[in-house]
Amino acid sequence: MAIFKSKTVAVAAPAEAVFDKLSDLSSLKVLMADIPASAVPEEQRSMLEAVSVTDDTITFPAGPVGELTMRMTRKERPILIRLDGEGAPVALNMSLEIGEVGPDASEAAVSIDIAIPPMLKPMIGGTLQKMADQFADVIGQLNYNA
């Protein structure tokens with residue numbers, strides 16, 4: 001499996017608040033709608049608007065694959081949220097790792113772990129790395145104190 005890990009982003013909220021908001025997927029759509037338009041490039045905003053959310057799944061556009069559904073399969077408060085891909089052509093999971101920095105600050109990183117043949121990694125690795133970084137950027141922009 002190939003792992004694509006985002007850069008670590010600063011979050012202006014305690015780790016527990018980040019975990020509580022993001023582990024409740026039903027509140028994620030509201031959180032994404034509150035992101036200022038100036039904070040997200042237009043091509044990323046259209047991706048955010050195409051996301052559909054249930055209590056334990058999130059479905060988003062995935063280019064040539066069509067839509068991809070991720071189901072929450074593991075939660076370790078306040079440090080880890082893991083989602084596994086459903087119906088994907090290859091085994092796939094995404095993890096959010098949260099670290100406490102101080103009483104009102106934390107940091108987060110997104111990892112995408114995907115079973116792809118080594119010869120495909122150079123062709124799609126850049127896209128998957130960009131996706132991990134974009135998810136992390138969005139997590140850093142969300143308001144967790146509301």
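1. Surface patches are made here of residues with over 30% relative accessible area and no salt bridge, where like charges are joined within 9 Å and nonpolar side chains (Val, Leu, Ile, Met, Phe, Trp, Tyr) within 5 Å; accessible areas come from the Shrake-Rupley method with a 1.4 Å probe, and for residues only the protein chains shown count as cover. By that definition, Met119, Leu120, Met123 and Ile124 make a nonpolar surface patch of about 410 Å².

2. The model is a predicted one, in which local features need pLDDT of at least 70 and side-chain atom pairs count only at pLDDT 80 or more, while totals for chains, interfaces and linings use all residues. Residues are numbered from 1 along each chain as its sequence is written, and side-chain values use heavy atoms, with hydrogens and water left out.

3. Leu120, one of the patch residues, lies in the loop between β8 (105–114) and α4, where helices (H or I, at least four residues) and strands (E, at least two) are DSSP runs numbered from the N terminus. Leu120 counts as partly exposed because its relative accessibility is 31%, the classes being buried under 20% relative accessible area, exposed over 50%, and partly exposed in between (1.4 Å probe, protein chains only).

4. Helix α4 covers residues 121–141, and its 21 residues reach 29 Å from the first C-alpha to the last, close to the 30 Å expected, a span defined as 1.5 Å times one less than the number of residues. Buried residues in α4 include Leu128, Ala132, Phe135 and Ile139. As a general rule, an α-helix has 3.6 residues a turn, so residues three or four places apart point the same way.

5. The structure holds seven salt bridges, each being a side-chain nitrogen of Lys or Arg within 4 Å of a carboxyl oxygen of Asp or Glu. In one of them, the side chains of Lys5 and Glu97 meet at 3.0 Å, N to O, and this pair links distant parts of the chain, with Lys5 in strand β1 (residues 2–5) and Glu97 in strand β7 (residues 92–102), 92 residues apart. Lys5 is partly exposed at 41% relative accessibility, as is Glu97 at 32%.

6. Asp56 and Arg71 form another salt bridge, their closest N and O atoms being 2.7 Å apart; Asp56 sits in the loop between β3 (52–53) and β4 (57–61), and Arg71 in strand β5 (residues 67–76), 15 residues apart.
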